[in-house]
Amino acid sequence: VQVCVCFFSSLHCKAVFSSISTTAIAASTVHPLHRPHSLSGTTVDAMDGLYATFLLCGTASLWPWNAFLSAAAFFQERLSNHQHLADNYTSTMMTVSTLTSVICNYMLSRHQAINYKKLLLYGNVLQASIFAIMAVSVLIETPQVPYFIFTLFAVLVSSVAACFTQVALMALANIRSAELSNATVVGNAVSGVLPSASMLAGGGRALWYFIASVVIVIVAQLAVFASDWKDGYKDEINIETMEESLVTDTPSNNSSVAYWDLKPIHPLHLVITITFFVTLVFPVFASSVTSPKVASKTFIPLAFFVWNSGDLLGRLLLNYHPLLPRDTRHMVAYSILRILFVPLFLFCNVKGRGGWPDGVYLLLQLVFGITNGHLFGAAYMQVGEVLNTDGEKQAAASYTALVINISLLAGSVSSYLVVFLIR
C-alpha cells in the first residue's frame, strides 16, 4: 500500500508541477534543459509509461542504502552486547557500501560498451536475493560479531547490485531527456521515504521491512518487463528514439570517452561532491539524537522518514522550472552553506544529554533533506543536457555514479569524526 501511495503521489506531483511550470514559461523561450531533444515523436502515453518505469526503478535502486540506514535501531539492538559495534554500525555500513560502490563504478567506467538493460536486470536479481536472505536472518539467532560481519557482507553485495542499477538507469535516462533523469532522482527520494515509513508502520519489526524491500525490487523489474511486452509499445515511439529507449537490447558500442573530455559536467560534479560530503552527517545524528518522550525504535525511523520526505520534496520542486538552479557558482555556494547544519544538530538531544525540543530537531532534519534533494537533483538532471552526443552521455553515467560514490565514501569516513565528537 505504501509503495502504491508514494508511487502515484509522485506521478500526481509530476503532473501538477509540469502544468504549473508550463504556464509559468508559456510566454518565454524554453531553456535548453527543458527541451527533450530525443523525444519528438513520442506520445504522451508512452512518455508517461517511461516516466513511471524510471520512477519505479529509481525507487528500487537506492532502496538498499536507505534500508540499511533506517534499520539502524534494529541493528543497534541486535548488537547491544557489543556497544562499540552498535555505536559504529552506521559509519561502518556507509564506508563498506560507498567503498564497494566506488570500486564497482570505476570498473564500469572502464568498460563503456555495456548492455544497460541487462545490467539493470542483474542488479535487481542480486538485490532481491540479498534482501530475501536478510529477511531470513532476522528469524535466526546468531552470535553478534558473526552477525555484524554477515551484515557487512550483505551491504557489500547490495552495493554492487545498486551500482549496476544506478549506472544503467542514468545511462538510459541521459540519452532520452532530463524528465526521465528527474523520474530517477524522484524515485531515489521515494526509496528513502518508504523504508522508514514501513519501519514505522511495522512497529520496528525488521522482518516485514526486509520483505518489503524484496517486493519493491521485483515490482520494478516487472515494470521493465511490462514495458517490453506492452502491445503496440513500439508503435507509440518514434523509430529514431527506439534504439535509445529503456527497452533496447543493443549494448552501447561507443568508443571510450575520457573524463577530462567531459568538461561541462565538472562543475556539476563539484556540486554533487560537496552536497553529499556534508549530507553524510545526517545518518549519524539521526541514529544518535533521542527523544525524552518517544522510544528510540520509533523516533529513529521517524527522523529518517522526515529527512527523506524533505529530500523527496526538494527533488519534486525541480519540476517547477523557476526553482531549478542553473548557475553552478551559486549552486557551489549553496552546497557549502549547508555545513551550518552541523553545529545546529549539536544543540539537539544527542545521546540523551538534553537540548532543543524534538520539533526543532525534526524541522532541522526536514530542511536538511530539502536542500539535499534540491541541490543533488538539479545537478543530476543537468548532466545529460550539457553534453552533445549519446556516447558522451552514456560515459557520463558511469563517471557521475563514480563521483557520487566517492563523495559518499568521503562523507562516510568523515562521519567517524562526528561519532568521536558526540560519543
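The legends below describe close-up views of a predicted model.

**Figure 1. Overall make-up of the protein.** The protein has 17 helices and 0 strands; helices (H or I, at least four residues) and strands (E, at least two) are DSSP runs, numbered from the N terminus. Of its 423 residues, 58% count as buried, where buried means under 20% relative accessible area, exposed over 50% and partly exposed in between (1.4 Å probe, protein chains only). Contacts (heavy atoms within 4.5 Å) between residues at least 6 apart in sequence join residues at least 24 apart in 88% of cases. Local features need pLDDT of at least 70 and side-chain atom pairs count only at pLDDT 80 or more, while totals for chains, interfaces and linings use all residues. Residues are numbered from 1 along each chain as its sequence is written, and side-chain values use heavy atoms, with hydrogens and water left out.

**Figure 2. The crossing of helices α5 and α6.** Helix α5 (residues 116–138) and helix α6 (residues 144–174) have axes that come within 8 Å and cross at roughly 155°. That makes α5 roughly antiparallel to α6, a term for angles over 145 degrees, with under 35 counted as roughly parallel, 65 to 115 as roughly perpendicular and the rest as oblique. Axes are lines fitted to C-alpha atoms, for helices over the stretch in contact, and angles run from 0 to 180 degrees between N-to-C directions. The residues of this contact divide into 22 nonpolar, 6 polar and no charged; Ala, Val, Leu, Ile, Met, Phe, Trp, Tyr, Cys and Pro count as nonpolar, Asp, Glu, Lys and Arg as charged, and the others, Gly among them, as polar.

**Figure 3. Helix α11 and what covers it.** The 14 residues of helix α11 (residues 266–279) should span 20 Å at 1.5 Å a residue, and its end C-alpha atoms are 20 Å apart, which agrees. The expected span is 1.5 Å times one less than the number of residues. Buried residues of α11 include L268, H269, V271, I272 and F276. Among the elements covering the buried residues of α11 are α12 (282–288), α13 (296–316) and α17 (390–422).

**Figure 4. Helix α16.** α16 has 26 residues and reaches 38 Å from its first C-alpha to its last, close to the 38 Å expected at 1.5 Å a residue. Of these 26 residues, 20 are buried, so α16 is largely enclosed by the rest of the structure.

**Figure 5. The surroundings of A397.** A397 lies in helix α17 and counts as buried at 0% relative accessibility. Not counting residues up to four places away in sequence, A397 touches V167, M170, A171 and N174. A397 and S109 are 288 residues apart in sequence and 8.4 Å apart in space, C-alpha to C-alpha.
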